[in-house]
Structures are given as structure tokens and as C-alpha cells.
Amino acid sequence: HVAVSVAAFALFIWTERNVEAPMVDLSLFRNRVFVSAAISCLLNFMAQNTVTFLMPFYLQNAMAFSARHAGLVMSSIPVVMMIVAPISGALSDRYGSSVLSPLGMAATALGVWLLSGLTLDSPTTQIVSYLLVFGLGSGLFGAPNNSALMGSAPRSKAGVASGVLAMMRNTGMVLGVALSGAIVDARLSAYADGASSLSAISTVDPAAFLYAQRGALVVGTVLAGVGILTSLVRSGREQREAVS
């Protein structure tokens with residue numbers, strides 16, 4: 001399957017470079033601001049979906065929260081994002097993304113790292129406070145990074161740039177869930193000597209799941225940490241560096 005995927009991707013690149021009207025204008029990827037913003041988006045959504053995929057398992061299976069209680073706790077992420085994102089967007093329009101994007105990614109990394117330290121005795125207030133830090137980072141990051149990506153593309157190619165942004169978002173979601181799920185499943189099998197897996201989560205020992213989740217969240221922290229570095233790649237004037 002991997003070989004087929006690599007071959008298909010190579011064929012796609014060759015086709016896009018040789019047709020008269022490509023679906024994706026690859027010249028956009030010569031722009032370092034565009035590329036760094038796209039990679040930052042990918043990494044941010046990988047870290048985000050590591051958390052949003054695993055935390056419900058932690059809350060309901062490890063902490064024995066009801067579905068309603070777990071949903072209320074998880075709602076702290078979109079609530080803080082709803083408040084912070086418009087403010088971040090307004091500040092980005094005024095001051096640019098060179099500070100806000102890395103700051104948002106740093107807060108995301110901090111949030112994921114804090115969540116990796118949760119235990120079976122963690123109070124609800126602690127869990128919510130860590131989720132708020134994570135949501136704050138996600139809310140701070142999004143609008144400035146989107147602005148940097150869209151602003152680095154020429155107006156005539158805004159539609160293609162928007163499509164690339166959506167692709168990075170969705171790819172990050174898929175990879176975040178796939179990677180974190182694979183890590184948890186592998187660590188569960190190692191912890192329980194092959195007797196447990198994520199597919200049978202209701203029967204997994206809470207201590208085993210906590211061990212497995214911690215590994216995935218550490219990886220999520222690393223991904224967000226790399227995202228801080230890619231978010232730092234910005235032009236001095238928040239350039240609208242058109243690729244003609």
C-alpha cells in the first residue's frame with residue numbers, strides 16, 4: 001500500500017508539472033512563507049487531533065466519566081477557541097503573524113505536554129485547565145497562520161492556496177488520529193504483553209491506557225514543538241510574496 005501511495009504521488013506531481021492547467025500550481029511551493037505556513041498548519045492539526053481523539057477515551061474509560069460529563073469537559077476547548085480566535089485574527093490583521101503564530105503553537109505544545117502528565121487521580125479542574133491552555137494555543141495559532149499562507153500567494157491563485165490550506169488541515173486530522181492511535185495500540189500491546197488493544201478499549205486496564213496515552217501525547221508535544229520552528233519562518237513585512 002505504501003509503494004502504491006508513493007507511486008501515485010509521484011505520478012500526481014509529474015502530471016501537475018506537465019499539464020497546461022494544473023489543479024495545484026506547484027510554483028506556490030517555491031515560496032518559503034507559504035510552505036512554512038502549510039507545514040505549520042499540518043503539524044498543528046496533528047497535535048490537535050491527537051488530543052481530541054484520545055481525551056474522550058481517557059475521560060470515559062480511564063476516569064469513568066459519563067458521556068455527558070466527558071462532553072462538558074471537552075467543550076472547554078472549542079469554547080476558549082471561540083473566544084480567542086476572533087481576537088487573534090484582529091491582532092494578526094494589525095500586527096502580523098510573526099509573533100502570534102509561534103506563540104499559539106507554543107501554547108498548543110504546552111497544553112499537550114501538560115495533558116501527558118494527567119493521572120488517574122487528576123481532578124476535573126486540573127483537566128479542564130490543561131484543556132484551556134491547549135484550546136488557547138489552537139485559537140491563537142489559526143487565524144494568523146492562515147493569513148500568512150493566504151497573504152504569501154498571489155491574488156490570482158487565492159483559490160489554490162485556500163485548497164492547499166484545507167488539504168493540510170484535513171491531512172493533519174487524519175495523520176493525528178492515525179499516528180496517535182497506532183502509538184496507543186502499540187504501547188497497550190507492549191504493556192499488556194499483547195493482550196490489549198485500542199479496539200477493545202472498554203476492557204483495557206486504566207493504568208495501561210494512561211501509559212499508552214502518555215506516549216502518544218509526548219509525540220504530539222514534539223510535533224507542536226517542531227511547529228513552533230516552522231511558524232517562525234515569516235518575512236520581515238509579512239510579505240505578500242507573489243509567485244508570478
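## Helix packing and cores

Helices H3 and H4 are roughly parallel to each other, because an angle under 35 degrees counts as such, and the two pack at an angle of about 25 degrees with their axes 4 Å apart. The model is a predicted one. In this pair, Leu72, Val73 and Met74 of H3 meet Ser76, Ile77 and Pro78 of H4, and by class these residues divide into five nonpolar, one polar and no charged.

Helix H2, which spans residues 32-62, takes part in two further pairings. With H8 (residues 206-231), the axes come within 9 Å and cross at roughly 160 degrees, and H2 and H8 are therefore roughly antiparallel to each other. The crossing in which H2 passes H8 is left-handed, and the contact of H2 with H8 has 18 nonpolar, nine polar and no charged residues.

With H5, the angle is about 25 degrees and the axes lie 11 Å apart, and that makes H2 roughly parallel to H5. H2 also passes H5 in a left-handed crossing. On the H2 side the contact is made by Ser40, Asn44, Ala47, Val51 and Met55, and on the H5 side by Met105, Thr108, Val112 and Leu115; by class, this contact has six nonpolar, three polar and no charged residues.

| Pair | Axis separation | Angle |
|---|---|---|
| H2 and H8 | within 9 Å | roughly 160 degrees |
| H2 and H5 | 11 Å | about 25 degrees |
| H3 and H4 | 4 Å | about 25 degrees |

The largest nonpolar core holds 31 residues, of which Val51, Met55, Tyr58, Leu59, Leu115, Ile127 and Leu131 touch the most other members. At least two residues of this core come from each of H2, H3 (67-74), H5 (100-116), H6 (124-151), H7 (158-191) and H8. Apart from it lies another core, of 17 residues, including Phe45, Met46, Leu165 and Leu223. When residues up to four places away in sequence are not counted, Ile127 touches Met55, Tyr58, Leu59, Met63, Phe65, Val73, Leu115, Leu118 and Ser122.

Some individual residues deserve a separate account. Pro56 lies in helix H2 and, at 26% relative accessibility, counts as partly exposed. If its neighbours within four places in sequence are left aside, Pro56 is in contact with Val51, Asn61 and Met74. Phe34, by contrast, is 22 residues from Pro56 in sequence and 34 Å from Pro56 in space, C-alpha to C-alpha.

Ile13 belongs to helix H1, which covers residues 2-18, and with a relative accessibility of 24% Ile13 also counts as partly exposed. The C-alpha atoms of Ile13 and Leu26 are separated by 8.4 Å, although the two residues stand 13 residues apart along the chain.

What is the phi of Ala64, which is not a glycine? The phi of Ala64 is positive, at about 60 degrees. As background, most residues other than glycine have a negative phi. Ala64 is found in the loop between H2 and H3, and with a relative accessible area of 64% Ala64 is exposed, because exposure is assigned over 50%.

How values were computed: Residues are numbered from 1 along each chain as its sequence is written. This is a predicted model: local features need pLDDT of at least 70, side-chain atom pairs count only at pLDDT 80 or more; totals for chains, interfaces and linings use all residues. Side-chain values use heavy atoms; hydrogens and water are left out. Axes are lines fitted to C-alpha atoms, for helices over the stretch in contact, and angles run from 0 to 180 degrees between N-to-C directions. Angles under 35 degrees count as roughly parallel, over 145 as roughly antiparallel, 65 to 115 as roughly perpendicular and the rest as oblique. A crossing is left-handed if the near helix is turned anticlockwise from the far one by less than a right angle, and right-handed if clockwise. Ala, Val, Leu, Ile, Met, Phe, Trp, Tyr, Cys and Pro count as nonpolar, Asp, Glu, Lys and Arg as charged, and the others, Gly among them, as polar. A nonpolar core is a set of buried Ala, Val, Leu, Ile, Met, Phe, Trp, Tyr and Cys residues joined through side-chain atoms within 4.5 Å. Buried means under 20% relative accessible area, exposed over 50%, partly exposed in between (1.4 Å probe, protein chains only). Contact means heavy atoms within 4.5 Å.
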